[in-house]
Each structure stands twice: as structure tokens, then as C-alpha cells.
Amino acid sequence: MAIATGRQADKDAAPRPAAIGIRDVSKSFTRRGAAVQALEHTELDIAPGEFVSLIGPSGCGKSTLLKLVAGLLEPTTGSVTVDGREVTEPLPQVGVAFQKPTLLRWRTVLDNVCLPLVIDGDRRPESREHAKRLLEMMGLAGFEKHYPRELSGGMEQRVSIARSLVNRPSLLLMDEPFGALDEFTREDLNDELLGMWQREPKTVVFVTHSISEAVFLSDRIVVMSARPGRVHATVPVPLPRPRGRELRDDPEFYEAIRHVRSVLDEAKGGGR
Ligand SMILES: Nc1ncnc2c1ncn2[C@@H]1O[C@H](COP(=O)(O)OP(=O)(O)OP(=O)(O)O)[C@@H](O)[C@H]1O
Ligand SMILES: [Mg+2]
């Protein structure tokens, strides 16, 4: 009989629940009296520690899916679980960076970043220091005392990303967080985000319209089809980690981008 190795023992242990489980989810909205079917029969499992990107045509339900996981919307049918428990409200271990920054106009930049700490009742000075470091990481050192009206759109977006990270969430949901930024800043922040994810392992679900960004960051890319959205295909990204800037010049990187683009084209066609 084979001696159980550590790995074998891991296999024999009770399986860890998926970080996110999406079971046959549909979501419809009512708009001006008519039903809009945003998601239909959507199935997805995301493992703890995975970095997964969602891509798909505009209006296919990516933001809706993220809001369901965040506990900000309820599915019309089906179920959404986080760490094996049904989501019925926003959870403390989940950080969210929305597609549009939602800063409080009357709070300074630093106080906006610290908002989740206030909600958690965390008044530790080291947590506030952590908030300052996140602002630095986002290229916003020196802006702590500014108000949102004094910032550009891209800067506001970076503040909202710092806020989503401040209470060290184990699950991070990011909706096109870098969409409003110039290419250089976006690449810098991609590098920072990957560095942070490697230092502090967490599950990330990242919505983007940029195929190259999705390939650079992700373990897997979930390609959604046009409305009503559902998972068209899941594409693993076989590029080794840790990934750094040099990857952007690697032919394998371009090959992966080409492949994802062809799957996305298929998904768009399939939804028409
Ligand atoms: N609160 C709402 N009320 C009515 N319809 C909604 C609501 N939220 C989303 N929808 C509709 O649901 C569909 C999916 O929207 P969603 O914002 O999830 O798309 P998306 O994939 O994030 O698009 P984009 O890439 O443009 O951000 C769209 O047709 C949208 O108009
Ligand atoms: Mg969206």
C-alpha cells in the first residue's frame, strides 16, 4: 500500500468549499415595465486563491454577476455561495471595487479608504498606516487630505481600489478597475496587483474588456456570451508565475491573447 504523502493526505481530507459557487443562476430586471434577462443558466466555481477574469460583450451581465457575489443583488433563480455559504447580504471578507468609483464627497481621500475599517470597528493605527501604504501603492502619496472633487476620474478610481483592499479581504471583486486609466498606469497597477496577490493570497474575480490584461493577470478567463449572459467557455492561462513585465514581450503571451480573442469572437457570434 502506498504511504500517504502530504499531498495524498490533502486529497483525503474533506474538500474545501469553492470560494465562489454559482449554481444555475438567472437574473432578470424590470425596465420600464419590460423584463430584461441579464443572466441565464450561469454556472461557475472559483477555487480559493484563484485569480479569474470575466470577459464578454457589453451588457452580458458581468457587473450583475459580481453584484450577486457581493450580496448586493439577489438571483432570480439559482444560488450563489461564498466559502460554501449562501450569500444573502454583503460579507465582511469580500472587498469590492465598482466599475464607477463611489467615493463619499465629504470625506478626504484617506477617510474614504478607511471607510471599511470604520464599518468593521477597526480603529488600530496600523490599519490606518496600511491604508496610507495602499494609497502610495496606487501612486497617490501626498493626496491623503484631498477631497474627491480635487481628483481626476482615474485618481478617484485608484482611491476606490485602495478602499477595496484596506481590510485585507480574502475575496476581491473588481469591476473594470483600471478601465479609466492610461495604458502605462494600467500596466503599473497590474504589476502592483499581481505582486500583492502573490504576497497576500486571495481569491480575485476581475472584470475587464482588455484581453491582454485578463491574460497577464489570470489563472483562468471566463468568457461570457452576449445577453442573456451565460458562461460560454473557461480558458486556462498556462503562463508560468510569478509573472513580471518581461512577460508582455513573450511570444507565448501573444499566443494566449490570440486564443482568448478567438474564443471571445465565438461567444459574440453565438449570442447574436
Ligand atoms: N438595475 C438594473 N435595472 C435594469 N436593468 C439592468 C440593471 N442592471 C443591469 N441591467 C441590465 O442587465 C444587463 C446586464 O448589465 P451589466 O451591467 O451586468 O452588463 P456588463 O456585462 O457589466 O456590461 P458592461 O461591459 O457594459 O459593463 C444589461 O442589459 C443592463 O441594461
Ligand atoms: Mg459592467
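Author: The expected span of a helix is 1.5 Å times one less than its number of residues. Keep in mind that this is a predicted model.

Reader: OK, how does helix H6 compare with the span expected at 1.5 Å a residue?

Author: H6 covers residues 153-165, 13 residues in total. From first C-alpha to last, H6 reaches 19 Å, close to the 18 Å expected.

Reader: New topic. How many residues are in the largest nonpolar core?

Author: That core has 65 residues, and Val69, Val113, Ala162, Leu173 and Val205 have the most contacts inside it. Domain 1 (17-93 + 170-271) and domain 2 (103-168) both contribute residues, so the core lies between them.

Reader: What does Leu173 touch?

Author: Leaving out residues up to four places away in sequence, Leu173 touches Leu66, Val69, Ala70, Val94, Val96 and Val205.

Reader: Now the ligand. Which residues come nearest to ligand 1?

Author: There are 13 residues around ligand 1, and Phe29, Ala38, Ser58, Ser63 and Thr64 come nearest. Strand E1 (20-31), strand E2 (34-46) and helix H2 (62-69) each give two or more residues to that shell.

Reader: Which element gives the most?

Author: H2, with three residues.

Reader: What classes are in the shell?

Author: Four residues are nonpolar, six are polar and three are charged.

Methods:
Residues numbered from 1 in each chain as written. Chains lettered and ligands numbered in written order. Predicted model: local features only at pLDDT ≥ 70, side-chain atom pairs only at ≥ 80, totals over all residues. Near = placed C-beta within 6 Å. Helix = DSSP H or I, 4+ residues; strand = E, 2+ residues; numbered from the N terminus. Nonpolar A, V, L, I, M, F, W, Y, C, P; charged D, E, K, R; others polar. Core = buried A, V, L, I, M, F, W, Y, C linked by C-beta atoms within 7 Å. Buried ≥ 20, exposed ≤ 12 C-beta atoms within 10 Å, placed from the backbone. Domains from an automatic or database assignment. Contact = placed C-beta atoms within 7 Å.
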